[in-house]
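Open the model in your viewer and keep the selection tool ready.

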Amino acid sequence: MRNSGKWLLAASCGTMLAAMSSLPSRADTVTITWQSTSLSEKQFAPLAEEMIAEFEAENPDIKIKPILVARKEDWTKFATAAQARKAPCIYRGDVTTAAYNGYLHPLDEFFEASGDDFKSVWPQDILSAVTFEGSLYALPVYAGIYAEIYNRDLVEAAGLDPEALPTTWDEYSQWMQKLTTEDQWGTAILAGPTTTTTRTLLSWIYSNGGRAFNDDYTESLFSKDPKTVEAIKFYLGLAEKDVAAPGPATINYAEQTTLFAQGKIASMRNAYWGLAKVLNDNPDLKGKLLVAWPPANTDQPRTVAKITAEMISSSCEHPEQAWKFLQHIVSPKWQTRAMLEANYMPLRTDVAEQPEIKNDPVVAKFLEIGAVAKTIPAPTPVWADVAGKDVVQALQEALLEPERLTEILQELDETVTAKLNDL
């Protein structure tokens, strides 16, 4: 089997945004810095440029300065800056962890003053996901619902039926064997150093009816829930069966989509936004992407849905102007365009009901899957550390020493449980 080599995240899509950030400001102009990993992604960067340009034209006294950052450095860079009271004004990340550490500016006053028309488009359960200890700390931007995505051409080339995608683990395992050839692998295991590793792992755990934490998030259950252990063994076992791309310790969201776009893997576990990146990398795949429920080992399949939100840091010297830009980001116009052009699933009810979004069969499938998905990040202040460090380290160790899986998961539970209770 051919070696996959090193898959690098293309940074060229951020060139224009970087140039914009270096433009001089007038003496009377307020500068609002905006850190988001999306600003470096091909499917969103052009949209962000237009979004910023329109806002600055309408608000000549406010300049938006993009901060480009790689996913693996995102939280560390923000937290380090926040501790020094120099964090960017606007940050797209984990609300609970940031709010618990005092890194965020509460938004209740701004939200209440925004009027009923604006407040009424946000479902209460969605707002609850960006609320900490009774205060609103962010505006929900979009949801990442994890589904299984297949390359129709590779499915048909393997003699498989694109109209009968796998629904069980057994069927999935058989498909991965047939989709693995000398030039490609069936799928990829994500074990790179970001929270995408944990999101993908949780989707497998939930597809087996397992749990990673108890109900009040005071105990880690990775080694204690039999269904969870079974799911982890099956997922990591794809590497032992040689149907997953090599080098999982370096594969994150970006590397996975690159492998898929290049035809090196035939399927990927990804959110809706992953489709846009794939099509930007390989436009020839348009109309050839198949979306299905993640295969399940239970009659009540579930997956994960990551809520992504924009928040204002407590370091921001101009929170009123930052709030104004947040409202611009989540306006119907830009939410709709983000959906159509960057595959970012909106959370405003008025946007989701628009015909060009509601009647899209691919969107309908993701919404169907997302209707019973478990939302993340989990409501614990230590989520970023647990999801981006502890679980990742455990998976990497288990891939290197599969015979130690039980011991590794027990150590993970001990470490995570201690963090969940050390608050």
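This is a predicted model: local features need pLDDT of at least 70, side-chain atom pairs count only at pLDDT 80 or more; totals for chains, interfaces and linings use all residues.

Residues are numbered from 1 along each chain as its sequence is written, and side-chain values use heavy atoms, without hydrogens and water.

**Largest pocket.** Select Asp-125, Ile-126, Ile-307, Leu-347 and Thr-375. Of the 34 lining residues, these lie nearest the centre of the largest pocket. A pocket here is an open set of points on a 1 Å grid over the protein atoms alone, where a 1.4 Å probe fits, with protein on both sides within 12 Å along at least five of seven lines; lining residues have an atom within 4 Å of a point. The volume is about 730 Å³, counted as the space filled by probe spheres set on the points. Colour the lining by class: 22 nonpolar, 7 polar and 5 charged residues.

**Second largest pocket.** Now select Arg-71, Asp-74, Trp-75, Thr-195 and Arg-199, the nearest to its centre among 27 lining residues. This pocket has a volume of about 560 Å³. Its lining splits into 9 nonpolar, 9 polar and 9 charged residues.

**Helix pair.** Show H2 (residues 45-58) and H15 (residues 332-342). Their axes, lines fitted to C-alpha atoms over the stretch in contact, come within 11 Å and cross at roughly 165 degrees. H2 and H15 are therefore roughly antiparallel (over 145 degrees). For the contact (heavy atoms within 4.5 Å), select Leu-47, Glu-50, Met-51 and Glu-54 of H2, then Lys-333, Trp-334, Arg-337, Ala-338 and Glu-341 of H15. These contact residues comprise 4 nonpolar, no polar and 5 charged.

Terms used:
Ala, Val, Leu, Ile, Met, Phe, Trp, Tyr, Cys and Pro count as nonpolar, Asp, Glu, Lys and Arg as charged, and the others, Gly among them, as polar. Axes are lines fitted to C-alpha atoms, for helices over the stretch in contact, and angles run from 0 to 180 degrees between N-to-C directions. Helices (H or I, at least four residues) and strands (E, at least two) are DSSP runs, numbered from the N terminus. Angles under 35 degrees count as roughly parallel, over 145 as roughly antiparallel, 65 to 115 as roughly perpendicular and the rest as oblique.
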